[in-house]
Amino acid sequence: MTSALTNEGLAAAVAAELPYLRRFARALSGSQIIGDRYAEATLEMIVADPAVIGGKAAIKTGLFRTFHHIWHSSPPPPDGPAPSDTGLKQTAQWRLQGLGDMSREALLLNAIEGFAAHDIAEILSISRDEAVRLIETARDELGAMVSGDILIIEDEAIIAMDLQSIVTGMGHRATAIARTRDAAIRLGIAKAPDLILADVQLADKSSGIDAVNALLGTLGHVPVIFITAFPERLLTGTRPEPAFLITKPYSEEQVRAAISQAMFFATTEGIPEKG
């Protein structure tokens, strides 16, 4: 998608940040398809006018600022009940009605993408104080919206205990911890979770991705968050991909934001097994 950019240096810089823009777009929209459409529209705008991205020293900030403009140029959410057959984009927009869009965007920019308040202020074209206020508001709003049962698929005991502590500290219930694919499937079927928090590589060399896809095949739509030390392996542009992805080493704030966001949308897309 970056091949049409006229400046090779700019194209390379944008390409390096593109996987993270796509991750952010998915987390914000709750869908790979929707998120990727917005990311593509962002690149199209940069192709048409490379100056919109700003100076070379702030490529990432400029890229996300351009995305922000595209995101807020879309039609407003429809009124009434959730549409059942009017398209993924409209469904996602309906889900945004109950929460301040700018506050969620600010939280994800901070917690998932690691932007500081002054960078978020530049991206959203607001003051630094307003950016801080939006982040705090989003934490309160998302944390209060939903709670539920969470299955943790993680083979490292210390990490599993840390995730369990974060989950319960948020008011959710960690129903089980699985260290292998087979255990995850057995525990997930025995007690259907409201959300799955999964590592990619498990203790017996089995796959968390495989475990999740097997569970989704039985349970249907359940939100999933993958945690991995190699996010680029899951952000290749091949469909389908996870809407929610956290990079190891993670922070508590990243996990909390991702859980709240995933539970908010309560949707997921299975992803194929990687060799």
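D149 counts as buried, at 10% relative accessibility. Buried here means under 20% relative accessible area, exposed means over 50%, and partly exposed lies in between (1.4 Å probe, protein chains only). The model is predicted: local features need pLDDT of at least 70, side-chain atom pairs count only at pLDDT 80 or more, and totals for chains, interfaces and linings use all residues. Residues are numbered from 1 along each chain as its sequence is written, and side-chain values use heavy atoms, leaving out hydrogens and water.

D149 has a charged partner. Its side chain meets that of K191 in a salt bridge (3.5 Å, N to O). The term covers a side-chain nitrogen of Lys or Arg within 4 Å of a carboxyl oxygen of Asp or Glu. K191 lies in the loop between α9 (181-190) and β3 (195-199), and D149 in strand β1 (residues 149-153), so the bridge ties together parts 42 residues apart in sequence. Helices (H or I, at least four residues) and strands (E, at least two) are DSSP runs, numbered from the N terminus. K191 is partly exposed, at 44% relative accessibility. R22, R26 and D36 form one network, joined by salt bridges that share partners.

In total, the model has 12 salt bridges. Side chains of opposite charge can pair when their charged atoms come close. One of the bridges joins E113 and R23 (3.1 Å, N to O). This pair links distant parts of the chain, 90 residues apart: E113 sits in the loop between α5 (101-111) and α6 (117-124), R23 in helix α1 (residues 8-29). E113 is buried, with a relative accessible area of 8%. R23 is buried too, at 6%.

R133 and E130 make a local pair, bridged at 2.6 Å, N to O. They are three residues apart in helix α7 (residues 128-145), so about one helical turn separates them. R133 is partly exposed at 41%, and E130 is partly exposed at 26%.

Now the nonpolar interior. A nonpolar core is a set of buried Ala, Val, Leu, Ile, Met, Phe, Trp, Tyr and Cys residues joined through side-chain atoms within 4.5 Å. The largest one holds 55 residues, and L197, I225 and I259 touch the most other members. Helix α1 gives the largest share of this core, eight residues. Where does L197 make its contacts? Leaving aside residues up to four places away in sequence, L197 touches I150, L151, I152, I153, L163, V167, I225, I227 and I259. Contact means heavy atoms within 4.5 Å.
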